[in-house]
There are 2 protein chains.
Amino acid sequence: MALLIGRYDYSLDPKNRLAVPPKYRETLAQEKGRSFYLTGGMEGCLYLFLPAQWEKLLADDLRMFSLPDKEQERAFKRKFFSEAVEVEPDAQGRILVPQYLKEHAGLRFDVLVQGAGNRAEIWDSKRWAAYEKSTIAPAYKKIGKSLEI
Amino acid sequence: MALLIGRYDYSLDPKNRLAVPPKYRETLAQEKGRSFYLTGGMEGCLYLFLPAQWEKLLADDLRMFSLPDKEQERAFKRKFFSEAVEVEPDAQGRILVPQYLKEHAGLRFDVLVQGAGNRAEIWDSKRWAAYEKSTIAPAYKKIGKSLEI
DNA sequence: CCATTAGTCCCCACCTTTGCCCACTCGATT
DNA sequence: AATCGAGTGGGCAAAGGTGGGGACTAATGG
């Protein structure tokens with residue numbers, strides 16, 4: 001399965017359009033897909049999936065939705081499916097970010113699109129900087145002793 | 001089977017008509033169906049089913065509706081099915097929401113129509129905001145650390 | 001049995017938003 | 001120097017969301 005890597009600096013234009021890295025679009029085309037799947041992610045970012053990755057998520061992780069507490073299960077499904085949206089890049093390779101996802105991720109103007117393996121992530125630049133400082137840096141120090149690489 | 005996703009902000013007009021997202025109607029047309037099925041849902045929302053999803057629900061009857069307490073099961077099924085109604089979008093793509101369902105979901109003016117996988121859900125905006133705050137957010141906090149995505 | 005009223009359906013109309021297309025700039029490459 | 005690809009901005013036609021009139025139906029009441 002295709003792996004998404006790299007970091008790209010883009011900007012959200014007045015019409016809430018956001019460029020998708022050509023490499024990702026190329027991968028999409030190779031998969032013979034027309035659309036990505038965009039949804040709200042953890043720690044206040046957005047997740048961008050290729051169709052195959054999205055399908056895998058639905059297939060594999062449907063068990064993650066299966067909870068003994070059905071009320072909680074409904075809550076999860078509601079959030080997951082209602083935030084998700086199919087986005088097709090326009091002729092310039094931009095996708096349209098819905099207002100509610102823009103708010104979820106606190107997107108302003110400067111936006112980071114970066115690969116995260118089985119998905120890409122979209123971050124507001126400032127929020128990413130803060131997250132990196134507050135969480136990634138300390139985590140690195142801490143887990144270094146137990147990681148092989 | 002078709003998956004319903006995405007979030008749409010609409011309003012209930014003075015005649016209790018409510019827009020259905022074009023994407024959902026498109027899916028309906030692809031299924032060669034003319035009507036959705038609308039009924040009262042859990043946590044004070046409304047469920048909107050595509051014909052195929054509705055059929056599946058009926059077929060899965062035993063599993064879907066089974067409760068240890070059979071009297072409760074009968075009570076729930078009575079409400080669920082008596083409140084159900086077949087709704088056909090008009091030329092503008094709007095469905096008519098019966099008065100009793102409007103009350104069930106506490107619909108006022110601002111209404112959310114959102115995908116929930118095997119169905120769509122219709123929420124009063126304020127009620128959804130409260131539900132998100134009171135139920136979804138805490139559930140995510142609790143389970144977020146163990147989620148793989 | 002007729003008159004009235006409420007509710008529904010079918011139009012039409014308006015206006016905002018969306019999506020599509022074209023265009024400009026800039027840097028890298030040939 | 002010219003060309004190409006990429007990122008960004010904006011114009012414009014089309015689609016989508018909303019409101020309301022008028023006909024028709026059915027239930028209600030005199």
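Strand E3 (residues 36-40) of chain B pairs with E5(B) in the antiparallel sense over three bridges. Two strands count as paired if DSSP finds at least two bridges between them. Strands (E, at least two residues) and helices (H or I, at least four) are DSSP runs, numbered from the N terminus. Leu38(B) has Val85(B) of E5(B) as its bridge partner.

This is a predicted model: local features need pLDDT of at least 70, side-chain atom pairs count only at pLDDT 80 or more, and totals for chains, interfaces and linings use all residues. Residues are numbered from 1 along each chain as its sequence is written, while chains are lettered from A and ligands numbered from 1 in the order in which they are written.

**The sheet of chain B**

- The sheet is open, has six strands and runs in the order E1-E7-E8-E4-E3-E5 (chain B), with antiparallel pairing.
- E1 and strand E5 (85-87) of chain B are the edge strands, each pairing on one side only.
- From one strand to the next, the twist averages 30 degrees. Axes are lines fitted to C-alpha atoms, for helices over the stretch in contact, and angles run from 0 to 180 degrees between N-to-C directions.
- H4(A) packs on this sheet and touches E1, strand E7 (110-115) and strand E8 (120-124) of chain B. The direction of H4(A) makes about 90 degrees with that of E7(B).

**The contact between chains A and B**

- Each chain is represented: 17 residues come from chain A and 17 residues from chain B. Contact requires C-beta atoms, placed from the backbone, within 7 Å.
- Helix H4 (residues 70-83) of chain A supplies 10 residues, the largest share of the side of chain A that touches chain B.
- That side of chain A divides into nine nonpolar, two polar and six charged residues. Ala, Val, Leu, Ile, Met, Phe, Trp, Tyr, Cys and Pro count as nonpolar, Asp, Glu, Lys and Arg as charged, and the others, Gly among them, as polar.
- Chain A can be laid on chain B with an RMSD of 1.2 Å, by a turn of 21 degrees and a shift of 9.4 Å along the axis. The superposition is by least squares on C-alpha atoms of residues with pLDDT of at least 70 in both copies.
- The copies use different surfaces, as 6% of the contact residues of chain A recur in chain B.

**The DNA strands**

- Around DNA strand D there are 22 residues, and Asp13(A), Pro22(A), Gln92(A), Ser11(B) and Asp13(B) come nearest. A residue is near a strand if its C-beta atom, placed from the backbone, lies within 6 Å of it.
- Strand E1 (7-11) of chain A and strand E1 (7-11) of chain B are the elements giving two or more residues to this surface.
- The surface near DNA strand D has 12 nonpolar, six polar and four charged residues.
- Residues surrounding DNA strand C include Lys15(B), Asp90(A) and Asp90(B). The surface near DNA strand C has four nonpolar, two polar and three charged residues.

Note on methods
Contact = placed C-beta atoms within 7 Å.
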